[in-house]
Amino acid sequence: MHNESSNPSRGLSRALLHPVLPAILILAFVVLTVGFWRGVESQARHQIQLTLQAETSALARELQGDFQSHVRALRRMAERRAALPSLPQAVWKIDADNHLRDFNHYQAIEWVDSDYRIRWITPLAGNENVEGFNVAFNAERLASLQRATRTGQVDFSGIIELRQGGTGIVVYAPIVHEGTSLGYIAGVFRMEGLIEALITPRILDNFQVEIIESGTNRFVVVPDAPVTASIEQTTALDVPGLDWHLRLTPTQPWVESHRGEWPHVAPLGLMGLGVLISALVWLAQLIMRRNQALTQAQDALQEEVYQRESVQQDLARIESTDSLTGLANRRFFMEDLTHTLAIADRHFRQVALIMLDLDRFQILNDTLGHHFGDELLIKVADRLNRFSTERVLVAYSSGDEFMISQQHIEDIDEVIYLLGQIKQCFAEPFIVQEQEHHVSATLGVAVYPQSGLDADILLRNADVALYRAKESGRNHYQFYTEGMQDREVRRLELDKDLNKALSEDQLVLHFQPQLDLATQQIGSVEALVRWQHPTRGLLPPADFIPLAEESGRISDIGRWVALAACRQLAAWQGGPLGHLRVAINLSGRELEDPDLVENIENALRNNNVSASQLEVELTEEIFIENLERNLDQLKRLNQLGVHLAIDDFGTGYSSLAYLRDFPVDLLKIDRSFITRVTERHDDAIITRAVINLAHNLGIQVAAEGIETEAQLSFLRTHRCDLAQGYLIGRPLPVRELESLVAKGVDIGDLSHQSP
C-alpha cells in the first residue's frame, strides 16, 4: 500500500521538475493571450454600445418628461381659459408669464382664436410679426388643428420654419367650452433654445445629436470632435402626437475614453504574467519541499489564531448581550448611553432614553409560568429589535423592562414618532405556547439635556416618567419634565385659553420664504401659525397644536389659517408680493373634514384670490393613511386649482404609486436627507433620485432645512426647484417678509447667520 500511494506523488514531482515545463507554460500563455485580447476587444465594444444605449435612453426619457410637463402646463392654461371664456388679456398675460417663468424653455406662449389667428402673445418683444398670423396656413395644418379640437388632444406642428425666424416646434392645446371651440393655447419652442436648455453640455460635447421626424433627419447638433460613424444608437420619443426619434453618435475621444487602456494593457499583462509564472515554476522546483513544510506550519498557526479569536468574540458577545433575549444588556446599554451623551454634548444634539414596561406581565408570568414569561420576553424583544438602527439602540434591562435610546434628535416630534411605532408593534397579539395574548406597554421618556445631563440621572428621570405613566392608567407614554404636576395644570389652562385664541383672533401667521433656484427670487412662502397669548407672549405651534389635535379644535385652526392666508394674498395683490404663492399645512384630522374643500373655496372666492396662489401641504405619513378617502379630497382641491405638496417626502414609506395616482404638484424632501447631503454619500444619492423621479413625473421639488451654502450649491447643481431653510430666511412676520422680498435674498449675507 505504501508503494502504491507514493508512486503518483513521485510522478507528479518529476513532472513539476521537468525542464520543458516552463516552455510549455509560455506557449500556453501565448495562445491564451491571443484569445483573451480578442475577447476583451469584443467586450469593450459591446460595453461601449450598452453605455451609448443607456445615454440615449436617459436623454430620451428626459426629453419625454420635459415635453409631457410642458404639455400638461399648456393643458392647464387651456382648461383655465375654457373655464373663463371672458378672461381679460391682462389676466391671461399674467398666467402666461407665470408659465414662462416656471417653464423657461418657451420661445413664446400664444392664444390662437377659433379663426386660427394669433390674437395674444407673450412676450411680445421678438414676436411682433406673428400677431394675427393664420396658423392653419395649409390644408394639412387646418386638418390637424381641427382633429385636435375634436379629440381634445394636443397638436404638434412638427419641426417647422418659425415666422419669428429659425426652426422650431409649436404645441397647440385646444380650448373647448361647452362644445364650442375657443381656439388654442400654443407653446412655441425654438429648436436651438430647446436643445440648449434640455441637453447638457456633456452630451453636446461628446455626441452628435440628431432629431429624426417621420423618417427625415430634421435637426442635427454636431460636436467639435470627429464622430465614430460605426457606432450609433437611435431610440423613439414616447410623446403622443410627436413622431420623433433621437439618434446619438459618439465622438472618437468619447469612444476611446470608454474603451480605456484595458484592451491594450491586459494582453501584455497576461503575457508578462505567463513569463513570471514560468519563472516562478522554475523557482518552485527548487523550494518545493521547504515550501510544503512552511505551509503546514502556517496552517497550524492560523488554526490556533482562529480558535483564539473565536473565543475572544464569544466572550465579548456574552459580556454585552443578554442571553435570553439576544438584545444588548443593561451594562452595555449604559456604557453606550454615556458615550452617546458625550457626542451629543459636543454637537448640541438631543438624546431620548425610553423605559418600556410590559403591562400585566407579572400576572401572566405568575399564572402561566416562567417558561411562558421567557418566551413572551423573546417575542417582544424580536419586535422591538426591528427598530434598531445606527441611531436607535434597544436593550433588555431586567424583569419586564426594556431600554431604548434614540440619538441625534433635532425635534421632539422624532421621539413622538418612534413612540408611536413602538406602541404600534404591540397592536398585534403575541403567539405564545400556541395561544394569542394581547400585551400592551407603558413608556417613560427622558430627553437629554432637558431631563438630565448624565446617563444615571437620565435613567432615573425616565423611571420617574414611567411611574407617572403607570399612575395615569398604563398603555401610553409620559415625558419627564421638571414639576410635572405644575406643568399639567398649566397645560389645562392653556387648553382652556385656546377657545379665546380663536374667538378673540389671537392667532397670527408667520411666513418662511422659499427661494426659486432658477430665478434666485422668492416665489413662494410657507404660512406657519403662531399664538400671540395675552400673558405668555408668542407661542410656537408645538405648545398648542397637540392640544388642538386632542380637543378637536385643529379643524377650526385649519379654517382660520386658510382664511388668513387668503386675506394676506388679497392684501398683496397689485404690490411687489402679488406674485407669491402661500403654502398652508393640513393635518390628518382636517383632511377628514367633509367641508374642507368648500371652506377653502369660500376663502378664495370671498377674497378674490386665484386658487393657483394657494398650496396645501401634507406629510407623507398623513397622505397615505387612507388613500381612497384622501384621493377624493385631493382631486377636488386639484380641480379647484389649488397646488398640492407632499412634505417630509422619503421618510420610509414603501409605496410610490400615489405619485402616479394623486394630483401632486410639489415634493418637499425631508430635512433629514438635506442635513448631511454634502457629507453622506447615501443621502446625496437619495436626494438626486428624488429630484429625478419628481422631474420625470412632471413634479417640482423643494428642499427644506437648508442651513449652509454647500447644501444650497448641491441642490442648485442637481436642478432642485425650490429651497427653504434658515439660510434663506426664518419664519417672519408679514412686515419683515415684505422687507426681505423688497431687498431681495443675498445668500452671501444670510450664510453668516446662525441656523
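## Ground rules

Residues are numbered from 1 along each chain as its sequence is written, and side-chain values use heavy atoms, with hydrogens and water left out. In this predicted model, local features need pLDDT of at least 70 and side-chain atom pairs count only at pLDDT 80 or more, while totals for chains, interfaces and linings use all residues.

## Overall make-up

The protein has 26 helices and 26 strands. Both are DSSP runs numbered from the N terminus: helices are H or I with at least four residues, strands are E with at least two.

Of the 755 residues, 44% count as buried. Buried means under 20% relative accessible area, exposed means over 50%, and partly exposed lies in between, with a 1.4 Å probe and protein chains only. A contact means heavy atoms within 4.5 Å. Among contacts with a separation of 6 or more, 65% join residues 24 or more positions apart.

## Nonpolar cores

A nonpolar core is a set of buried Ala, Val, Leu, Ile, Met, Phe, Trp, Tyr and Cys residues joined through side-chain atoms within 4.5 Å. The largest such core has 77 residues. Leu 509, Val 582, Ile 584 and Ile 600 have the most contacts inside it. Helix α16 gives the most to this core, with 10 residues. Apart from this core lies another, of 48 residues, including Leu 74, Tyr 106, Ile 159 and Ile 169.

What does Leu 509 touch, not counting residues up to four places away in sequence? Its partners are Ala 527, Leu 528, Val 529, Trp 560, Val 561, Ala 564 and Ala 565.

## Ile 169

Ile 169 has its place in strand β5, residues 167–177. Its relative accessibility is 0%, so it counts as buried. Leaving aside neighbours within four places in sequence, Ile 169 is in contact with residues including Phe 156, Leu 162, Phe 189, Leu 242 and Trp 244. Ile 169 and Phe 189 are 20 residues apart in sequence. In space, their C-alpha atoms are 5.4 Å apart.

## Cavities

Rolling a probe the size of a water molecule over the atoms shows where empty space is left. A cavity is a set of points, on a 1 Å grid over the protein atoms alone, where a 1.4 Å probe fits but cannot get out; lining residues have an atom within 4 Å of a point. Points are joined across faces, edges and corners, and a volume is the space filled by probe spheres set on them. The whole structure has 2 cavities of 30 Å³ or more.

The largest cavity has a volume of about 70 Å³. Its lining includes Arg 559, Glu 590, Asp 593 and Ile 600. The largest share, 4 residues, comes from α16. By class, this lining has 4 nonpolar, 3 polar and 3 charged residues. The second largest cavity has a volume of about 30 Å³. Among its lining residues are Thr 340, Arg 349, Val 351 and His 408. Helix α9 gives the most to this lining, with 3 residues.

Here Ala, Val, Leu, Ile, Met, Phe, Trp, Tyr, Cys and Pro count as nonpolar, Asp, Glu, Lys and Arg as charged, and the others, Gly among them, as polar.

## Asn 329

Where is Asn 329 found? Asn 329 is in the loop between α8 (262–320) and α9 (330–347). It counts as buried because its relative accessibility is 13%. A polar atom of the Asn 329 side chain lies 2.9 Å from the backbone nitrogen of Phe 332.

Terms used. A polar contact is a pair of N or O atoms within 3.5 Å; within protein, one must be able to donate a hydrogen and the other to accept it, and residues adjacent in sequence count only if both atoms are side-chain atoms. On a 1 Å grid over the protein atoms alone, a cavity is a set of points where a 1.4 Å probe fits but cannot get out, and a pocket is an open set with protein on both sides within 12 Å along at least five of seven lines; lining residues have an atom within 4 Å of a point.
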